[in-house]
Amino acid sequence: MIEQFKTLLLFILIALSLILTYQLWYGQRPAELIADDVYEQVDLEKPRLLEEAIVPVNIVLNDPNDPDGKIKFLFSKGETVFEQLWKNLSRFLKEIDGDFSLEQSFPAGDALHHLTCYFDPVLPVGENRPWLTGISNTLIENIKFYSIEGSYWLVLNQSEEDAAVILSLNENKSDLFRDLVSDLSTDDETAYISLTAELISEFLDREMGITTPLYVPVDEVFMEKLNLSAENLDRDFLLRTFFIDYNLARIIEERDGGLIYTDGEKGLRLTNVSLEYSYPRLEDGQTSFSYHDALFKCSNYISYYGGWPENLRLEKLFLTGRGRSFYYVSEWQVYHEGYPLYTGQSTRAFFNDFGLFHFTRSLFFPEKIDNDTEVQTLIQLEERKPVAGWSEALQEAVEVFMRWSPGTETRLRLEAMNLSYVVTGSKAAPRGVPVWFIRINGENIFLEANTLQFISEEGIL
Amino acid sequence: MNLGRATLILIVAFTGLNIFLGYQLFWPDFGRLRQVAITSDQLQATERMLKDNNYVLEASFERAKQTSFFLTVSPDRDIKNDFLDYYIKAGVRINKTDNTTYYQSEEKTVLVHANGLIQVFYKSGAFLIEDTLNLEIRVLKNLVEEFLNNKGLLPEEYVFDYLEINDNNEITIHYYQAMNGMPIYSGQFKVIIENDHITAINIYWLQPVETIPYREMEVISATEALNNLVTELGASTDERTIKEIDLGYFSGEYDAEKWEIPPVWRIVLDGDQKYYINAFTGNLENNAVIPDQ
């Protein structure tokens, strides 16, 4: 019995020594890479369709009652008339299909100019695009609508080629367009004129060129200061969206209360009023996708990373480069009643073939009173005040510019001029102040709209 | 010899063998009973990969599965206050800029930066000992630590890292911070010696605020860290030697209230080039990812 026990013990010891030798030599089964998988389902906002992603900068309607054609009506994002007009025009452009004849020349002398749609970013039209599927693919900077003796013409100015595409609409489509514009009422609209170098020279003692079509109001315009609120960013949602496994992201608490999340490769900075995301490793990439694809991508990014609110307009989309890297930049702007709201930090995305490598988002919206009705009213801070005239604003802007560059003999170029809002005040109580926004030779100048007091860009939230 | 005696001898022999194997496997920490993270095959594959890319592995490392968690830190205000007490008592002129406070006396200037970095400059140097260049590292290190201790400038839980001598015969001794034996590579101080005199001391020390055990996760293996590093650096034209590979904590320096730092594998190449691989993500850590920093 004892011998049998000793034999059994020996076998056990031999087996144990073999197991231990194996363990020592080969190790055990490899461990899982990460202790716990924490991937979570994230419900993202559905990106906008292409026809919803691009809207005109503005739609300029010629006053049918002005025989000289100088008086215009300007419609921009955030205005009810603009939304309805662009909806109709967009549908009209989608339905044209092949109902036109392609013309080689345009009899401008006999034509009556009705309206112009300006696009920035440019509008992709042609086959497999939502608009004007009957023509070859091209990118359009503006579309001008004319009539000549009852027939309607479209002149499409392309972004990269000098030659315009000229379409003469057939009878059906001409009737459709006639109905579309005849429905428009301009009774309560502000009259605008087109700025020209000659017109400017009447007010300035020096020459100034104009690089882009600009329109300024000739009627009195009233604007008011707005009570704003910063967009409410859902931190947990953004963390889950930017980081596949947000448990790997560490937190850095800034002295000003901002929070930075980083996994060592990418960083997300969140403050009460903004977010900034950066993924430097992806910067040195190339861009092989088209403008059309870039539109889809930027629509995805803004929708995924915070959403695409109603009055947010895609303002810019362009390909640029640094060194040997090329990437797209897209930028968005909030509009209120046709006026853009400028913030200190743009809402902007940088992306290339590798993906999104830089994204900033800072949006403010007018606060509204929720009075349990469908139409919400704005919180009134003060009475609407008349804004200073465009000529006074331009003169003041030139003075500011000359103070910045004394003695400069450079020819002045007026690159932008429009009424808008800037976001000022504190982060806790941001306010929208009406301003004249004027860009001269690349320099942005903000002048308070009724006093023409200069507002420094450092003071903009 | 009968069968019973032979069996007994074999039992004794195998018992001894099992004790030896058990010791090798589990001693000194029975935590090694955990699964190992690196199998022999993986280790061999990594060694082949290193060799193919002209790297030589001279360092040893832990093969067992390990876990860790983020560590929350802030700039060490106690050190800063000690410095200020020490220099304010000595009667100094104080100048301030946006990010730096200057404390100046006849002999020294102390710069306290907003991010927590403290720099001490001795105008004519503090004499240490003759012929420092020919001293043994151990002796020189002990002298420096004694000097700092006497001045009340020696932080707690410091670890000697390395010593370097530049072309101008300037000696720099590097130390890093530790917490319960775990290196915090971000916290460091260095002492600069010129012509047998200490001329400057730089201290960037961190205050561990809290560990975050509820986010405890398994760290990547040392071999995976090596694989990631070679992927980042690419093949080397000259042979490079991997001298050390250790687990610790590291992150960039931030001008912030407090921040979390991840565990990293610190890999030292050729004795002086250091790389930090995030032990959770496997990414090479750098400072450029944080916006507006």
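User: How far apart do the C-alpha centres of domain 1 of chain A and domain 3 of chain A lie?

Analyst: Domain bounds come from an automatic or database domain assignment. In this predicted model, those two C-alpha centres lie 33 Å apart. Domain 1 of chain A covers 50-189, and domain 3 covers 232-362. This is a predicted model: local features need pLDDT of at least 70, side-chain atom pairs count only at pLDDT 80 or more, and totals for chains, interfaces and linings use all residues. Residues are numbered from 1 along each chain as its sequence is written, while chains are lettered from A and ligands numbered from 1 in the order in which they are written.

User: How many residues does the contact take from each domain?

Analyst: Two residues are in contact if their C-beta atoms, placed from the backbone, lie within 7 Å. Here, domain 1 of chain A gives 14 residues and domain 3 of chain A gives 14.

User: Which element gives the largest share on the domain 1 side?

Analyst: Helices (H or I, at least four residues) and strands (E, at least two) are DSSP runs, numbered from the N terminus. β4(A) gives the largest share of that side, three residues.

User: Now the chains. What does the contact take from chain A and chain B?

Analyst: It takes 43 residues from chain A and 46 residues from chain B. α1(A) gives the most to the chain A side, with 15 residues.

User: Which strand of chain B is joined to β13(A)?

Analyst: Two strands pair if DSSP finds at least two bridges between them. Three bridges join β13(A) to β15(B), residues 256-261, and the strands run antiparallel. A:E254 has B:A256 as its bridge partner in β15(B).
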